[in-house]
Every structure is written in C-alpha cells, then in structure tokens.
Amino acid sequence: MMRKDYQLSSTVSKVIEEITLWQTERGIIEISQNTLAVPITLDDEVKGYVFHGHGRLLLDAIAETEKGAVGKSIEKELDELFIMLGDKEKIEEYLTATDEEDFTRMGYEDEKGFITRAEDLCDQFFGTRRWDSHQFFHKDHGLIFAFPNRAKRLDILVTKGSKLIYKTTDIVFVSNENKIVLKSPSETVVSSKGKLLVINKNDFLRCGC
Amino acid sequence: MSEDLKEEMTKLKEEIASLKEQLRDVTEKEGRRRGIYIDVGNRVHDYIKDVMEGVAEGIHGELEKSIFIGPRGVRIFKKREHHREEEEVSLPKIAEVMSALGHEHRLRILDELMSGGKYINELQEKLSEITTSTLSSHLKVLEEAGLVVQEKVRGRHLITMPGRTAYKMARRATRFLEKRNQK
C-alpha cells in the first residue's frame with residue numbers, strides 16, 4: 001500500500017520542451033517534449049513527479065585508475081514511467097495542461113489510466129522502502145530517481161552534487177568525486193584517487209596500489 | 001591381592017595425598033590469590049603446544065595455497081582451480097584481442113591512452129596522420145575487443161584494465177622475441 005503521507009495530484013501536466021532533469025560529468029537524464037507529469041505531494045507540498053514519455057539516462061559507471069579503466073557506460077531509454085523526487089521548482093516552469101490526445105499517444109485511455117499506473121509505481125517505490133520522507137525529500141537532499149527495469153524491479157539513482165549512487169539488479173555504482181565503488185555480477189571494484197582494488201567472483205583479489 | 005595391584009593402590013594413594021596437599025595449599029592461599037593453581041605437570045602445556053603448532057601449520061598451508069605476494073601486488077586465491085578456470089580463454093577470443101592489437105595505428109592509440117583518457121580531438125592531434133573516420137573505426141575495434149571504453153557523457157576514450165595489460169604484454173612479447181632472434 002502507498003504510504004499515507006504521499007498523494008498523487010489529480011492534475012496531470014505535460015512538459016512543454018525537452019528538459020535535462022539531472023546533469024553532471026558522470027551522467028545525464030533528459031526527457032522530451034510532451035512527457036506526462038503528475039506531482040507527488042507530501043503534506044500538501046509537491047516533492048517530486050511521476051513522468052511518462054520519452055527520455056534517456058546516460059551514466060558513466062566507469063572508474064579510471066592507474067591500472068586502466070574499469071566499468072562501463074550505462075544507456076537507458078526512459079520509455080516507461082519513472083519517479084523523480086526533489087528539485088520540483090525547476091520542473092514547474094516547464095509544465096502545461098494536457099489534453100486527451102496526450103494520454104492516448106502514450107497508450108492510455110484517459111488521465112485516470114495514467115494516474116492508476118503512476119500509483120502502482122509509487123506503491124512499488126514507497127511500499128518497499130523505508131524512506132524517511134521529511135529527511136530525504138528536502139530540497140537540499142539531492143535527487144532520487146526510480147526507474148522500472150525488465151525484471152519488474154526498480155533501478156534507483158540517488159544524486160547530490162558530485163555524489164551518486166546507482167543501483168540496479170545487476171550493478172551497484174557509488175561515486176564521490178574520485179572515490180568509486182562498482183559492484184557487478186563478476187567483480188567488485190573499489191577505486192580511490194586512481195588506486196584500485198578488484199575482487200572478482202572467484203575471490204581473486206588484485207591490489208593496484 | 002596381587003603385587004601389581006598393591007603397587008597401583010600405593011601409587012594412587014600417593015597421588016591422592018599429593019592432590020590433598022595441593023588442595024590445602026589452594027585453600028590457604030585463597031584469600032590472597034584470585035585464581036586457582038594446580039600443578040598439572042608438562043602434559044597440558046605440551047598438548048597445547050602441539051595443538052597450536054598444528055593450527056599454525058594448517059593456517060600456513062592454507063595461506064601458501066591461497067596468497068601470492070608478487071612485485072605487482074597481492075593476489076589471493078580461494079581455490080587454485082578457480083584461478084586455472086579463469087585463465088582458460090577461448091581461441092576465438094584470443095584471436096579477437098590479437099587482431100585488435102595487430103595494427104600499428106591501434107597500438108599507437110593505446111599508447112596515447114596509457115597516459116590517461118582522451119577526447120577524440122585530442123587523439124586526432126596526437127595522431128595527425130590518421131583521418132578522423134579511420135581513427136573512429138580503430139577505436140570501435142578496440143572497444144569491441146574490450147581494450148578501450150568510451151564515456152557516454154563526457155565522450156573521452158579510456159584504456160581499460162585488460163587493454164593496459166594486453167598492450168604491455170604485446171610489448172614484452174615483442175621485446176622477448178627480438179632478443180631471442182638476435183641470439
């Protein structure tokens with residue numbers, strides 16, 4: 001069940017032009033024009049949005065070390081609904097009213113159809129996580145994104161300034177300036193200021209310090 | 001009662017007497033000492049020593065099997081067979097990597113990337129005799145072989161850990177062959 005303190009607004013908007021929701025040297029999230037957006041509210045205050053449209057996520061989950069680069073770039077098409085929490089002021093400027101065609105274009109019969117799916121996503125996100133709402137969704141606490149993946153689970157991206165955590169079913173990538181932890185099914189890489197520690201699935205440990 | 005049994009009884013009585021004496025000592029010293037001290041001879045000490053030596057030998061053996069400290073760092077193997085499995089590489093994969101290395105321009109790209117990630121225009125400046133399109137196709141070959149990775153956001157090309165190793169090994173192998181041929 002969705003947490004009591006969260007509500008989805010009954011008013012759905014759409015994005016008037018392409019917006020970059022997040023951008024650093026490591027990654028970028030963009031959404032295209034006409035992406036549907038419904039506000040998520042907490043204590044009658046908008047804390048974030050559920051989006052559905054077209055967009056993309058690029059993330060360089062790569063650690064450049066003295067022993068060579070480890071990791072890969074992640075490219076994800078954002079064609080499914082996803083959640084963004086934080087930085088709502090920026091979004092508000094780019095929203096306008098929707099019409100029936102905006103919903104049919106995205107495969108919904110009407111506005112209600114979109115809200116129902118948005119609620120399902122929020123149930124999945126808030127229902128399985130013990131987020132401290134007041135602490136996490138303060139405007140100074142960065143951004144949180146939740147993207148459904150093929151395994152019907154959520155990929156989570158948490159960012160604040162140069163700090164970043166990206167977690168999928170396969171990988172966990174943590175980056176804080178020149179410190180990086182990358183956990184993939186085959187190995188775990190810890191890199192700090194170019195120094196490197198790799199532990200692979202056979203417990204083979206390589207220290208590049 | 002046989003003589004042996006009598007002798008055994010005498011010994012037991014002596015031991016009981018000795019134990020009683022020790023117990024008396026302990027009782028007398030109880031007010032002054034916190035622990036209880038009973039002379040158990042050297043047997044227990046020897047036993048503990050044997051056990052600890054066995055444990056130490058076991059640990060040493062396991063460590064010898066699983067840790068290798070070399071000039072390039074520490075390698076820990078949980079099981080040696082895992083390491084052997086890891087070294088098994090298919091011939092087509094070897095051919096792919098060798099093919100990627102088997103071009104002077106690609107080796108020069110790797111050489112440039114050894115000093116750090118570079119944008120394509122930086123590589124173009126360093127390798128001015130190669131056209132941009134050729135440079136891009138070489139980079140694609142290196143990426144497909146896993147020797148180079150490109151950052152999608154910044155666009156820099158980076159040499160990977162396997163790429164660095166492969167490049168160094170190619171240099172060493174060539175140097176080795178040259179020396180052999182000179183002899």
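How many bridges pair S3(A) with strand S4 (residues 27–31) of chain A, and in which sense do the two strands run? The answer comes in the first of these close-ups, which are taken from a predicted model.

**View 1. The open sheet of chain A has 4 strands, in the order S3-S4-S7-S8.** Let's start with the opening question: S3(A) and S4(A) are antiparallel partners, joined over 4 bridges. Look for Gln23(A), which stands opposite Ile28(A) in S4(A). Pairing in this sheet is antiparallel. Strand S3 (19–23) and strand S8 (68–77) are at the edges with a single partner strand each, so one side of each has no neighbour in the sheet. On average, neighbouring strands here are turned by 10° against each other, direction ignored.

**View 2. Leu58(A) has its place in strand S7 (residues 55–65) of chain A.** Is this residue buried, partly exposed or exposed? Leu58(A) has 18 C-beta neighbours inside 10 Å and therefore counts as partly exposed; a buried residue would need 20 or more. Within chain A, and leaving aside neighbours within four places in sequence, Leu58(A) is in contact with residues including Gly27(A), Ile28(A), Ser73(A) and Glu75(A). From chain B, Lys152(B) and Val153(B) are also among its contacts. If you find Gln23(A) again, its C-alpha is 9.4 Å from that of Leu58(A), although 35 residues separate the two in sequence.

**View 3. Strand S11 (residues 143–148) of chain A is joined by bridges to strand S9 and to strand S12.** Phe145(A) is a handy landmark here: Met84(A) stands opposite Phe145(A), and in S12(A) the bridge partner of Phe145(A) is Leu157(A). The hairpin of S11(A) and S12(A) has 5 residues between the strands, and in this hairpin Lys152(A) takes a positive phi near 65°.

**View 4. Phe145(A) also belongs to the largest nonpolar core, which has 66 residues.** Which residues have the most contacts inside this core? They are Val50(A), Phe51(A), Phe82(A), Ile83(A), Cys122(A) and Phe145(A). Not counting residues up to four places away in sequence, Phe145(A) touches Ile29(A), Phe82(A), Ile83(A), Met84(A) and Leu157(A).

**View 5. Helix H5 (residues 104–113) of chain B has the buried residues Arg106(B), Ile109(B), Leu110(B) and Leu113(B).** Seen down the axis of H5(B), these buried residues fall within an arc of 95°, so they line one face of the helix. Their packing partners in chain B include helix H4 (91–101), helix H6 (120–126), helix H7 (132–144) and helix H8 (161–182). Strand S3 (148–150) and strand S4 (157–159) of chain B are packing partners too.

**View 6. Chain B has 8 helices and 4 strands.** Starting at the N terminus, its elements run α-α-β-β-α-α-α-α-α-β-β-α. Of the 183 residues in this chain, 14% are buried. The average pLDDT of chain B is 76, and 63% of its residues score at least 70. Over residues 33–41 of chain B the pLDDT is below 50, and this stretch has 3 contacts in the model beyond near neighbours in sequence. A friendly caution: where pLDDT is low, the predicted coordinates should not be read in detail. The model as a whole scores ipTM 0.77 and pTM 0.70.

Notes. Residues are numbered from 1 along each chain as its sequence is written. Chains are lettered from A and ligands numbered from 1 in the order in which they are written. This is a predicted model: local features need pLDDT of at least 70, side-chain atom pairs count only at pLDDT 80 or more; totals for chains, interfaces and linings use all residues. A residue is buried if 20 or more other C-beta atoms lie within 10 Å of its own, exposed if 12 or fewer, and partly exposed in between; C-beta atoms are placed from the backbone. A nonpolar core is a set of buried Ala, Val, Leu, Ile, Met, Phe, Trp, Tyr and Cys residues joined through C-beta atoms within 7 Å. Two residues are in contact if their C-beta atoms, placed from the backbone, lie within 7 Å. pLDDT is the predictor's confidence in each residue, from 0 to 100. The arc is that of the directions from the helix axis to the C-beta atoms. Two strands pair if DSSP finds at least two bridges between them. Axes are lines fitted to C-alpha atoms, for helices over the stretch in contact, and angles run from 0 to 180 degrees between N-to-C directions.
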